[in-house]
Amino acid sequence: MLTILDPTSLLGHEVIERLARVSPGVRPRLFHTGADPEHLIAEVAGEPALVAPLADLDELEGSAIVILTAPPAAEAASERLLAWLRAHPRVALVDCTQPGIAGHAARCVVNAAPPVRPSPPWYHLPDPALAAPARLLAALAPLAPEAAHLTVLCPAAGFGADALNELAAQGGARLSGHPEGKASHLPGILAFDLSPAPVERSRLLETQLAEIFPRLEVTANAIDAGVFHGHLATVLASCANESTLERVRALIRSAPGMRMPRRNEVTTVAGAVKQGGIVCGDLRVRGRSVSAWLCADGLRVGGAEAVVDLVGSLTAS
């Protein structure tokens, strides 16, 4: 039995929509972890579905996989959930929250379970900002990447649905000349602006990418952007093996979900969000050095799509 927690969250909605398309026969159980004791309504395959409050963790009995799509309302709720999972060691956890509720006890994975399953079977998806860079570095595996420097621009969507509404209000206030007010869900006033993320966020990206690619030396810089959806990243990778532009192009084209822009195509983040997948452009190869920019909807590629792929790899074993 598949259980999804907080399916009405921004990511939770994407997960159940993706799951309904890929596995229409799967009917997950839905719970919310908010303080509101009332039932919520989620849309599953165009039909309304009740989302019960998770008042008692024993309601998770019978679950094979529990998917956490948003941070629980209280830290104590996270601890209670982890305690329940420890008492049920056969139940897998797929944690999509950042920085994650289980720390190093959960294995950081991109979209598939490793050949040797961890104990406990807890998995954590990396920050959506890493979705496209991780795919590029995986595509470059034949060249043995040794070091990577990346800069990622992160949208308001990463802070949740309330942050999207807040960004819209900020934009309206700035255009009208009214005071923007204090940010509640965003890290600051981001409308029509950019802000370097706290150093802790950048270090977290480095830690997660290093866990996925243990032999890779990583430097990352995160920037919060006043846009609603979509991630833009630049990546510079130093590899052990030299290559040519033609070979690297072939590696990228053979990577699932990645494409290069057509000649004279004007690429935008919004366009990449609409089309899906990952766009990789301005590819340059100089000996052992490979650089490129990447556009993608990280919340979709590294969130909903990654969750469904990971669940598929867990249930197939």
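The dialogue below asks how some terms apply to this predicted model.

Visitor: What should I know before we start?
Guide: Residues are numbered from 1 along each chain as its sequence is written, and side-chain values use heavy atoms, with hydrogens and water left out. In this predicted model, local features need pLDDT of at least 70 and side-chain atom pairs count only at pLDDT 80 or more, while totals for chains, interfaces and linings use all residues.

Visitor: What makes the contact of Arg 259 and Glu 265 a salt bridge?
Guide: A salt bridge is a side-chain nitrogen of Lys or Arg within 4 Å of a carboxyl oxygen of Asp or Glu. Here the N to O distance is 3.0 Å. The contact therefore qualifies.

Visitor: How many salt bridges does the structure hold?
Guide: Seven. Among them is Asp 282 with Arg 284, where the closest N and O atoms are 3.1 Å apart. Another joins Arg 300 and Asp 297 at 3.6 Å. Arg 174, Glu 180 and Asp 193 are linked in a network of salt bridges.

Visitor: Why is Asp 297 called buried?
Guide: Buried means under 20% relative accessible area, exposed over 50%, and partly exposed in between (1.4 Å probe, protein chains only). Asp 297 has 7%, so it counts as buried.

Visitor: Is Asp 282 buried, partly exposed or exposed, and what about Arg 284?
Guide: Asp 282 has a relative accessible area of 41%, so it is partly exposed. Arg 284 has 39% and is partly exposed.

Visitor: What makes Asp 56, Asp 58, Glu 59 and Glu 61 a patch?
Guide: Patches are made of residues with over 30% relative accessible area and no salt bridge; like charges are joined within 9 Å, and nonpolar side chains (Val, Leu, Ile, Met, Phe, Trp, Tyr) within 5 Å. These four gather in such a patch on the surface. Asp 56 has 41%, so it passes the area cut-off.

Visitor: Why is the charge called negative?
Guide: Asp and Glu count as negative, and Lys and Arg as positive; His and the chain ends are not counted. The patch holds Asp 56, Asp 58, Glu 59 and Glu 61, so its charge is negative.

Visitor: Where is Asp 56 found?
Guide: In the loop between strand 4 (47–53) and strand 5 (65–68). Strands (E, at least two residues) and helices (H or I, at least four) are DSSP runs, numbered from the N terminus.

Visitor: How do you know that strand 5 and strand 6 pair?
Guide: Two strands pair if DSSP finds at least two bridges between them. Strand 5 and strand 6 (residues 92–95) have four, in the parallel sense. They therefore pair. Ile 65 has Ala 92 as its bridge partner in strand 6.

Visitor: In which sheet do these strands lie?
Guide: Eight strands form an open sheet in the order 3-4-2-1-5-6-8-7, with mixed pairing. Strand 3 (40–44) and strand 7 (107–108) stand at the edges, each with a single partner strand, so one side of each lacks a neighbour in the sheet.

Visitor: In what sense does strand 12 pair with strand 9 and strand 15?
Guide: Strand 9 (residues 145–154) and strand 12 pair in the antiparallel sense over eight bridges. Strand 12 and strand 15 (residues 289–296) also pair in the antiparallel sense over eight bridges.

Visitor: Why is Asn 264 called exposed?
Guide: Asn 264 has a relative accessible area of 75%, over the 50% cut-off, so it is exposed. Asn 264 has a positive phi of about 70° although it is not a glycine.

Methods
Areas by Shrake-Rupley, 256 points an atom, 1.4 Å probe, with all protein chains shown as cover. Charge placed at Lys NZ, Arg CZ, Asp CG, Glu CD.
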